[in-house]
Amino acid sequence: LLHLPIISSHSGSMFQNPLQLREKLFQGIDGDYNVVDMGIVSEVIGELENYHITREALETTRLGKHINELRRKSSDKLLANRAKNLVKKWRTLLETGPPPGGGGNNNN
């Protein structure tokens, strides 16, 4: 055990940042959002379900779009339902925050 990989495919309960989770999600799906590795996808969904994500992180990673596309393409009803609930939760977060990129007095 002289050197360990920086990104472990069996990170288990170790939480990662949203960009890492997005990249991990991409390892489990193909370019058309079809699941190619259910273990990876299920693990990422589980981590996202327990992750307190910020509005900024959602906008930067576009995880909502990716998870929603995955939901639409998935034939696995449980996965689709988990993805749907995640997107709903995030939509609520976005609706309670300030309006995205627009109003006259945006302090960004």
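1. What share of the contacts in the chain with a separation of 6 or more comes from residues 24 or more positions apart? The share is 65%, where a contact means heavy atoms within 4.5 Å.

2. On the basis of the note: this is a predicted model, in which local features need pLDDT of at least 70 and side-chain atom pairs count only at pLDDT 80 or more, while totals for chains, interfaces and linings use all residues. Residues are numbered from 1 along each chain as its sequence is written, and side-chain values use heavy atoms, with hydrogens and water left out.

3. The secondary structure of the chain consists of 5 helices and 0 strands, so that the order from the N terminus reads α-α-α-α-α; helices (H or I, at least four residues) and strands (E, at least two) are DSSP runs, numbered from the N terminus.

4. Of the 108 residues in the chain, 32% are buried, a term that stands for under 20% relative accessible area, with exposed meaning over 50% and partly exposed the range in between (1.4 Å probe, protein chains only). The chain exposes about 7,400 Å², of which carbon and sulfur atoms supply 54%; the areas come from the Shrake-Rupley method with a 1.4 Å probe, and for residues only the protein chains shown count as cover.

5. Helix H2 (residues 38-49) packs with helix H5 (residues 77-96) at an angle of about 30°, their axes being 10 Å apart; axes are lines fitted to C-alpha atoms, for helices over the stretch in contact, and angles run from 0 to 180 degrees between N-to-C directions. H2 and H5 are therefore roughly parallel to each other, since angles under 35 degrees count as such, over 145 as roughly antiparallel, 65 to 115 as roughly perpendicular and the rest as oblique.

6. In the contact itself, H2 contributes residues including Met38, Val41, Ile45 and Leu48, and H5 contributes residues including Leu79, Arg82, Leu86 and Trp90. By class, the contact of H2 with H5 has 7 nonpolar, 2 polar and 3 charged residues.

7. Two loop residues deserve a look at their backbone. Most residues other than glycine have a negative phi. Tyr33, which is not a glycine, has a positive phi of about 70°; Tyr33 lies in the loop between helix H1 (18-28) and H2 and is buried, with a relative accessible area of 14%.

8. Arg62, also a residue other than glycine, has a positive phi near 55°. Arg62 sits in the loop between helix H3 (55-61) and helix H4 (63-73), and is partly exposed, with a relative accessible area of 47%.

Definitions and conventions. Nonpolar A, V, L, I, M, F, W, Y, C, P; charged D, E, K, R; others polar.
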